[in-house]
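Here is a set of questions about how the terms used for a structure follow from its numbers. Each reply sets a value against its cut-off.

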Amino acid sequence: MQTDQEIIQQITQGDVEAYREIIQRYQRMIFVFIYKMVNNTADAEDLTQEVFVKAYEKLSTYRGDSQFSTWLHTLARNRTIDFLRRRKIHDSDEQLAFIPSQARDESPQDSLLTKEQRKEIERAFSMLSDSYREVIVLRCTHEYPFEKIASLLGIAESTARVRYLRARQEFAKLLSRTEGGLVHELQ
């Protein structure tokens, strides 16, 4: 298996087909990150494609100071933040993937309650600032250590830890304000 550096070298030497390997390696990671931020499959697919097009166009600017995945993630982060700034976050029927799934033998009443809880969680999550949503996604979905989160966001590791703590506190506060208060569900 070739390293990212070897593939990038092939691409910069004119082997356009080598870029398929980069896409195959990182498409899921980038899509999941973007989806968690925008909570819309179509938008996440479009943004993921845009990120890979931009990465290809900007590949010559990659210096190798960090891992390629970090550089690519930074492109995805910046594109997603631009997208979120340009549009208001609308409620959608899609569910956050990090919400625990329920047992298959639940009653219709339990199923309805679960959908309502998920909508409350989704609504509260969408009310968080972009930086808070981002750190929660990186920590909870990608399970990145704080060192990597700090590197991706261009902040100190201690800042990443504090931001994550504050994000969780704000998320809990938003959930406790919703009808029925779901804070106990997440603890």
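Predicted model: local features only at pLDDT ≥ 70, side-chain atom pairs only at ≥ 80, totals over all residues.

Q: Which share of the contacts in the protein chain with a separation of 6 or more joins residues 24 or more positions apart?
A: The share is 61%, where contact means heavy atoms within 4.5 Å.

Q: Why is Glu-120 called buried?
A: Buried means under 20% relative accessible area, exposed over 50%, and partly exposed in between (1.4 Å probe, protein chains only). Glu-120 has 14% relative accessibility, so it counts as buried. This residue is found in helix α5. Over the protein chain, buried residues make up 41% of the 187 residues.

Q: What makes a set of residues a nonpolar core, and which members touch the most others in the largest one?
A: A nonpolar core is a set of buried Ala, Val, Leu, Ile, Met, Phe, Trp, Tyr and Cys residues joined through side-chain atoms within 4.5 Å. The largest nonpolar core has 48 residues, and Ile-34 and Phe-68 touch the most other members. The elements that give two or more residues to this core include α2 (19–38), α4 (68–86) and α8 (157–177). The most comes from α2, with 10 residues. Not counting residues up to four places away in sequence, Ile-34 touches Asn-39, Ala-44, Leu-47, Thr-48, Val-51, Ala-76 and Thr-80.

Q: Why is α6 called oblique to α7?
A: The axes of α6 (residues 130–141) and α7 (residues 146–153) come within 10 Å and cross at roughly 140°. That angle makes α6 oblique to α7. Angles under 35 degrees count as roughly parallel, over 145 as roughly antiparallel, 65 to 115 as roughly perpendicular and the rest as oblique. Axes are lines fitted to C-alpha atoms, for helices over the stretch in contact, and angles run from 0 to 180 degrees between N-to-C directions.

Q: Which residues of α6 and α7 meet?
A: Glu-134, Val-135, Leu-138 and Arg-139 in α6 meet Phe-146, Ile-149, Leu-152 and Leu-153 in α7. By class, this contact has six nonpolar, no polar and two charged residues. Ala, Val, Leu, Ile, Met, Phe, Trp, Tyr, Cys and Pro count as nonpolar, Asp, Glu, Lys and Arg as charged, and the others, Gly among them, as polar.

Q: Why are α4 and α7 called oblique to each other?
A: Their axes come within 9 Å and cross at roughly 60°. The pair α4 and α7 is therefore oblique. Ser-69, Thr-70, His-73, Thr-74 and Arg-77 in α4 meet Lys-148, Ser-151, Leu-152 and Leu-153 in α7. This contact has two nonpolar, five polar and two charged residues.

Q: What makes α7 mostly covered?
A: Six of the eight residues of α7 are buried: Phe-146, Lys-148, Ile-149, Ala-150, Leu-152 and Leu-153. They pack against α4, α6 and α8.

Q: Is Arg-77 buried or exposed?
A: Arg-77 has a relative accessible area of 16%, so it is buried. Leaving aside neighbours within four places in sequence, Arg-77 is in contact with Phe-33, Glu-134, Leu-152 and Leu-153.

Q: Why is Asn-39 called buried, and why is Glu-143 called exposed?
A: Asn-39 counts as buried because its relative accessibility is 10%, whereas Glu-143 counts as exposed because its value is 63%. Asn-39 is found in the loop between α2 and α3, and Glu-143 lies in the loop between α6 and α7. Neither is a glycine, yet phi is positive in Asn-39, near 55°, and in Glu-143, about 55°.

Definitions and conventions: Residues numbered from 1 in each chain as written. Heavy atoms only, no water. Helix = DSSP H or I, 4+ residues; strand = E, 2+ residues; numbered from the N terminus.
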